[in-house]
Amino acid sequence: MAEEFDFHPMWESLGMNLADHDMLLGAVGQMYGDMFLTQNNRPKSTSYLDFVATNIHSGRIKEMLDKKEAGEATKIVGSFCVYVPEEIVLACDGIPVGLCSGADWATDKVEEHLPRNTCPLIKSFAGFKLGEVCPYIESSDLVVGENTCDGKKKAYEFFATQKNMYVMDIPNVHDKSTLVTWKAEVKKLAAKIEEECGVTITPERLKAAIHAVNEKRRALQRLAATRAADPVPISGLDSLLTVQAAFMDDTPRLTGAINDMAAECEQRVEAGEGVAPKGTKRILYTGTPMAVPNWKLFNLIEKAGGVVVGEESCTGSRYYKDLVDESGETVDEMLDAIAERYFKINCAVFTPNDQRMKDIVQMAKDLHADGIVDVALQFCTLYEMESFAVEKAAEEAGIPFMHITTDYAGEDAGQLQTRIEAFLETI
Amino acid sequence: MIGIGIDIGSTAAKTAVVDGEGSVAWTCVQPTGFSSVDASERLREALAAAGYDVTGDDVRVVATGYGRVAVPYAHKVVTEITCHGTGAVRLFGDHGTVIDVGGQDTKVIQLKSGRVAKFAMNDKCAAGTGRFLEIMADRLGISQQQMADLARSGEPTKISSMCTVFAESEVISLIGRGEPRENIARGVIESVVSRVATMAGQAAGAPYYLTGGLCENAFVVERLGELLGSPVTTSPQARFAGAIGAAIRAQALN
């Protein structure tokens, strides 16, 4: 994947807007340089993250398209949520990818179809599509949506006018009867993906896929565990990017690279080496997911002299904390095991969501967090409302807490910086 | 050791000097103007004229406020939340709720045992801040002081928009409808005070202290106390709370 390679013909063949896309890549490249490459004492193995960032819209897309061309992969299946089981796509030789939704784009066009007061993540994916600047959206043969929040649910009705779309129904309550319906939803998805990819899921295929994704999660768990150390071996920014990369990069390559990072971080912990000095204020991030390239808040926290030691978020622990039980033998048993694993994700769409509060307090204790920064994207009713419960749980556990509402724009950076610095001074 | 606090706010730049005995020896306020760097330079000159050399061996400087990074001669930078907390402890006491209504943001700081226990700050919009009053007084063609005086005799007119931009157009239509100026002035003040009271009411409770630029506005202080159900204490030095807090922190530096 040499950098000199000209990817413009590939982007053009995907129907993308070349001039706008060049502008987007320029801006994201600049941000990456300013935020990631200016960090001190990064583990050497984070060079993998630089590789991912460099290739994210170019080499990786070419690799996926080449695999399809060579018959090694069937279809590219995009999604926006950790509730969509990637094992099923992999079992059909498909390539699962998370779609772009972390920056404001073509907002004027979006607001012709969606209300102004829609969360920035939803506006973003609609904008990436309408602006024709996301090669993941353009190369996806199928997009799998999910009925989580009301905003996404209704926005998918619009998105379905733009892309070949399938929507899974997600329950709002965790109990025995909703688990039954959820298992049925997972099986419906399996049938849909089989049909789309022209592949029949066999026990061998599904077993291998479950194992591959579990290995990825184990690697991420191993890396996350090293962050309990003081000094912390790796920054929150780099850690956030490992999970963001997990939605986009090739599963075995990513698993290998994350294990390398975990091994280096384990050595650093052993040697007492850190990315920030011992005694740096340690922050647990909780709240809404942060899609690429939404690095704003982590950058602010770490530039203000704190360090993020964990992410209780879909671009964090919720993505890797649970494994799929590997003891199933039949396809049916394995799909049930997949459903059971995904059912444990404590998204704020669930009510009540007490287990999430327990998870947050446990994470704060395990990672020796000095404080919690809880974030909701603007107009995200669910995480806004749940922030009161998180605050109460944090207060009861004696953990300093701060809630922030923000979006993808940079205009509140000054005020956020003051609030974050003051929070670090207070704890 | 002499501690100097420099508080560059969005509207006013303040400085305070704490002398060797730990008392506030001198204060000064100037408009911030366009450039925070210029404002900090002007304060340096004013300090020099008063006999305080910021480069002196026994002098330490802490900068705070939104322009805190634009003070090249500061030894340390501390946020205005921490400095207002420290300043309020000096001016008022160890416990209570500090309300600071600034030019572009409003802060509510909960003090416990002389320390900042918790704080809240408005999000990016200017509702409930000094800027809101400034814009509305402008629109009514009077000064902020005149607006407060007029408001005393007015009947409150409901201004329902929280957003400064929308509220301004609401005020324009009230003017167009011939609503008396004192009623609009009262409505404007009530709008800010009720928003600030809601924010403050979520904190630890009485005693309440008001710092920042609005503390000279007696009517605001009075209405705020009525809405919170407990008197709000302020002091002539309260607008310097951030600078005083910074000076105290500066004095503690080596």
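How many residues of domain 1 of chain B are in contact with domain 2 of chain B? Keep that question in mind as you look at this predicted model; point 2 has the answer.

1. Let's start with how chain B is divided. Domain 1 is made of two stretches, 2-85 and 240-251, while domain 2 covers 96-234. Between the C-alpha centres of these two domains of chain B there are 26 Å.

2. Now for the opening question. Nine residues of domain 1 of chain B are in contact with 13 residues of domain 2 of chain B. On the domain 1 side, α2(B) gives the largest share, with four residues. Sorted by class, this side of domain 1 has six polar and three nonpolar residues, and no charged ones.

3. Next, look at where the two chains meet. Here, eleven residues of chain A are in contact with twelve residues of chain B. On the chain B side, the elements giving two or more residues are α2 (80-91) and β8 (115-121). This side of chain B has six nonpolar, four charged and two polar residues.

4. Leaving out residues up to four places away in sequence, B:I6 touches several residues, including B:T15, B:S40, B:L43 and B:V61. Among the others it touches are B:A243 and B:A246.

Methods: Residues numbered from 1 in each chain as written. Chains lettered and ligands numbered in written order. Predicted model: local features only at pLDDT ≥ 70, side-chain atom pairs only at ≥ 80, totals over all residues. Contact = placed C-beta atoms within 7 Å. Nonpolar A, V, L, I, M, F, W, Y, C, P; charged D, E, K, R; others polar. Domains from an automatic or database assignment.
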